[in-house]
Amino acid sequence: MGLSIVIYSAGLGMTTIGPVVWARELSSHEDFEFNNRLFQIGFVGGTLLLSPFPGIIADRSGGSYLPAFLCFTVGAVLVTLIIQAVYRRAQDGAQPRQRP
């Protein structure tokens with residue numbers, strides 16, 4: 001139980017700082033405030049909407065949380081791919097394109 005608390009606490013930094021860092025990295029100086037607010041609202045809204053998701057899936061699957069964890073795993077992979085694509089696009093836009 002103590003190890004669970006340590007692991008959970010270690011992840012809290014990413015959940016509180018992550019959206020601000022993403023907004024800073026993906027925004028111009030002028031757009032940062034607006035995008036930061038948008039990222040924070042999206043993060044909190046997603047948390048509120050999806051927090052009952054594991055329990056609902058477990059109730060519908062006979063009490064097992066395995067399908068919920070499988071859904072979260074697939075979702076995490078998809079979100080990681082989307083974030084990678086957004087960062088690549090932002091990098092491509094920041095670098096001057098060379099003409100052949």
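By class, the lining of the largest pocket comprises 16 nonpolar, 7 polar and no charged residues. In this classification Ala, Val, Leu, Ile, Met, Phe, Trp, Tyr, Cys and Pro are nonpolar, Asp, Glu, Lys and Arg are charged, and the others, Gly among them, are polar. The model is predicted: local features need pLDDT of at least 70 and side-chain atom pairs count only at pLDDT 80 or more, while totals for chains, interfaces and linings use all residues. Residues are numbered from 1 along each chain as its sequence is written, and side-chain values use heavy atoms, with hydrogens and water left out.

The largest pocket holds about 1,000 Å³ of space. Of its 23 lining residues, the closest to the centre are Trp22, Phe43, Thr47, Leu50 and Val79. A pocket is defined on a 1 Å grid over the protein atoms alone, as an open set of points where a 1.4 Å probe fits, with protein on both sides within 12 Å along at least five of seven lines; lining residues have an atom within 4 Å of a point. Its volume is the space filled by probe spheres set on the points, which are joined across faces, edges and corners. Helix H1 (2–26), H2 and helix H4 (66–94) each supply at least two residues of this lining, and H4 gives the largest share, 10 residues.

The protein chain has 4 helices and 0 strands, in the order α-α-α-α along the sequence. Helices (H or I, at least four residues) and strands (E, at least two) are DSSP runs, numbered from the N terminus. The radius of gyration of the protein chain is 18 Å, whereas a compact globule of 100 residues would have one near 13 Å; the value is taken over C-alpha atoms, and the globule rule is 2.2 Å times the number of residues to the power 0.38. Along the principal axes, the C-alpha atoms fill a box of roughly 60 × 30 × 25 Å. Buried residues make up 10% of the 100 residues. Among contacts (heavy atoms within 4.5 Å) with a separation of 6 or more, 25% join residues 24 or more positions apart.

Several residues illustrate the range of accessibility; buried means under 20% relative accessible area, exposed over 50%, and partly exposed in between (1.4 Å probe, protein chains only).

| Residue | Relative accessible area | Class |
|---|---|---|
| Asn35 | 16% | buried |
| Asn36 | 18% | buried |
| Val20 | 27% | partly exposed |
| Arg37 | 47% | partly exposed |
| Glu33 | 56% | exposed |

Leaving aside neighbours within four places in sequence, Asn35 is in contact with Ala23 and Ser27, while Asn36 touches Pro19, Val20 and Ala23. Val20 belongs to helix H1, and beyond four places in sequence its contacts are Phe32, Asn36 and Gln40. Although Val20 and Asn36 are 16 residues apart along the chain, 5.8 Å separates their C-alpha atoms.

The count of salt bridges comes to 1, a salt bridge being a side-chain nitrogen of Lys or Arg within 4 Å of a carboxyl oxygen of Asp or Glu. Arg37 forms a salt bridge with Glu33, with 3.4 Å between the closest N and O atoms. Both residues lie in helix H2, 4 residues apart, or about one turn of the helix.
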